[in-house]
Amino acid sequence: MDGKPSNSPNSFIDQMVVPGDVVLDLSSMANQTIKLGGGLRQESDAISVMKAGKLKFSRPNKYWVESSQKRYVPCVEDTVLGIVVDSKAENFLVDIKGPALAFLPVLAFEGGTRRNIPKFEVGSLLYVRVVKASAGMNPELSCTDASGKAAEFGLLKDGYMFETSTGLSRMLLSSPTCPVLEGLGKKLSFEIAVGLNGRVWVNAGSPSTVILVANAIMNSESLSNTKQKIMVEKLLQKFQ
Amino acid sequence: MEIDRPDGRTRNQLRPLACSRNILNRAHGSARWSQGDTIVLAAVYGPKTGTRKNENPEKASIEVIWKPRTGQVGKAEKEYEMILKRTLQSICVLTINQNTTTTVILQVVNDDGSLLPCAINAACAALVDAGIPVRHLAVAICCAMAGSGSVILDPTKLEEQQKMEAFSYLVFHNSVLSMLPEGSLHVDGEPMEHGIITSVTHGVISVDDYLYCLERGHAASAKISDFLRRSLQSHAPSDPSKAA
């Protein structure tokens, strides 16, 4: 069995790949189960790339292509920010920047019964969790966590929402905390909700803080860690 | 028998290529591709829910809109749209994202010859920028037959009007890096990359000349493919990448 895939010659792990590249040859890896994530596709004995990005590998057997887009591909257990588009008898229709509208059942709230269905206006911003996401079907959402508690899900009031790419959202949610948020958090106090679908919501005491935080985040997309710290420091010096 | 091309290129030399991605704020994917002075801007929106009436809902559908630089949309534009739609449908994986529509809009910024291949290259780069799943990429090239029987690649508008008796637009697979041992991606004894996706010809060409065009075009497509790979791999997608 392959002990360290990154040592084998011609390995594409952590390299940028382009659609069409064949990254794995299954005929040389018999008797192994491999899990494919986004951006990869199986063509008989070869695994080929569908989206341009960096090929990643995680022990023991997971491969995926990491790329950053403006649209979102719904995955189960992702936390996203959705905008209510319509409400029906059984579900709210929520736009999560994916190929299809998502359904949020009216009872998917903590302590939700037929008597206390929340009333969301068209255009409200919700912080929700994706429960079901399969090809061909509309994704299903929920405002509770896996154990049924509310856990910060639900309507986001006031504040400001802006759109980013999915790559930037993943960077903001990475641990340890990304330098932008850390730098801003030391000097300013604000509330932030990051959706993996490329939407970020910020709320703070004064509009100038909200604008500062939003601009700092939008500018940090292509910067490395040290550059982010420098950018945040410069920004805070100017305005404080 | 050397042909003197007005801009000093040899017969098989391409014009400088440049590609920038992610240039439009609202489009989900965008790319601007230029070959010399021919520049085309492509924008991709989608996938969005729902398909048009005559489309198969079990597949994703692609809609192409061609916007000429000046003037109204006429038959030539409709023909370009149809060629592009068929080409893009063959490279996209249509079984993912069923019952959705992806719209590709092409805006001609400047036309200096070899317009349709430039547009196909731009559309391909924009699809990748938008993250639409594609099986492999397409690279397009224009081969023109000059009056004396020689083949020139990537003609400018002047060359198209003055010298050419016939020309063909050829779209090939891009060249792929593969972990597979040599020979396993071959179909009928030829590597997959020699396959043609689209071929559009105008004028009268003999069979031998056409096969020669294919060979020259395929060699040039390897260079365009390398350039496309380098430009897709640059980390900051909004930086323009150039090649001579």
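This is a predicted model: local features need pLDDT of at least 70, side-chain atom pairs count only at pLDDT 80 or more; totals for chains, interfaces and linings use all residues.
What does the side chain of D154(B) meet in a salt bridge? Its partner is R15(B), at 3.0 Å from N to O. The two residues come from separate parts of chain B: D154(B) lies in the loop between β7 (151-153) and α3 (157-162), and R15(B) in the segment before β1 (17-21). The pair therefore ties together parts that are 139 residues apart in sequence. Is R15(B) buried or exposed? At 4% relative accessibility, it counts as buried, because the cut-off for buried is under 20%.

A second pair in chain B is R52(B) and E63(B), whose closest N and O atoms are 2.9 Å apart.

Now for chain A. The side chains of E140(A) and K132(A) form a salt bridge at 3.7 Å, N to O. E140(A) is partly exposed, at 26% relative accessibility, and K132(A) is partly exposed as well, at 42%.

Here are the pairs side by side, together with one that joins the chains:

| Salt bridge | N to O distance |
|---|---|
| D154(B) and R15(B) | 3.0 Å |
| R52(B) and E63(B) | 2.9 Å |
| E140(A) and K132(A) | 3.7 Å |
| R229(B) and D21(A) | 2.8 Å |

Over all chains, the structure holds 18 salt bridges. How many are there between chain B and chain A? The count is one, and it is formed by R229(B) and D21(A).

Let's look at the rest of that interface. In contact with each other are 36 residues of chain B and 27 residues of chain A. The two chains bury about 2,500 Å² between them, with 61% of it on carbon and sulfur atoms. There are also 12 residue pairs in polar contact between the chains, both residues at pLDDT 80 or more. On the side of chain B that touches chain A, β3 (38-49), α2 (115-130) and α4 (207-233) each supply at least two residues. β3(B) gives the most, with four residues. By class, this side of chain B has 18 nonpolar, 14 polar and four charged residues.

Key
Residues are numbered from 1 along each chain as its sequence is written. Chains are lettered from A and ligands numbered from 1 in the order in which they are written. Side-chain values use heavy atoms; hydrogens and water are left out. Contact means heavy atoms within 4.5 Å. Buried area is the accessible area (1.4 Å probe) that two parts lose on being put together, summed over both. A salt bridge is a side-chain nitrogen of Lys or Arg within 4 Å of a carboxyl oxygen of Asp or Glu. A polar contact is a pair of N or O atoms within 3.5 Å; within protein, one must be able to donate a hydrogen and the other to accept it, and residues adjacent in sequence count only if both atoms are side-chain atoms. Ala, Val, Leu, Ile, Met, Phe, Trp, Tyr, Cys and Pro count as nonpolar, Asp, Glu, Lys and Arg as charged, and the others, Gly among them, as polar. Buried means under 20% relative accessible area, exposed over 50%, partly exposed in between (1.4 Å probe, protein chains only).
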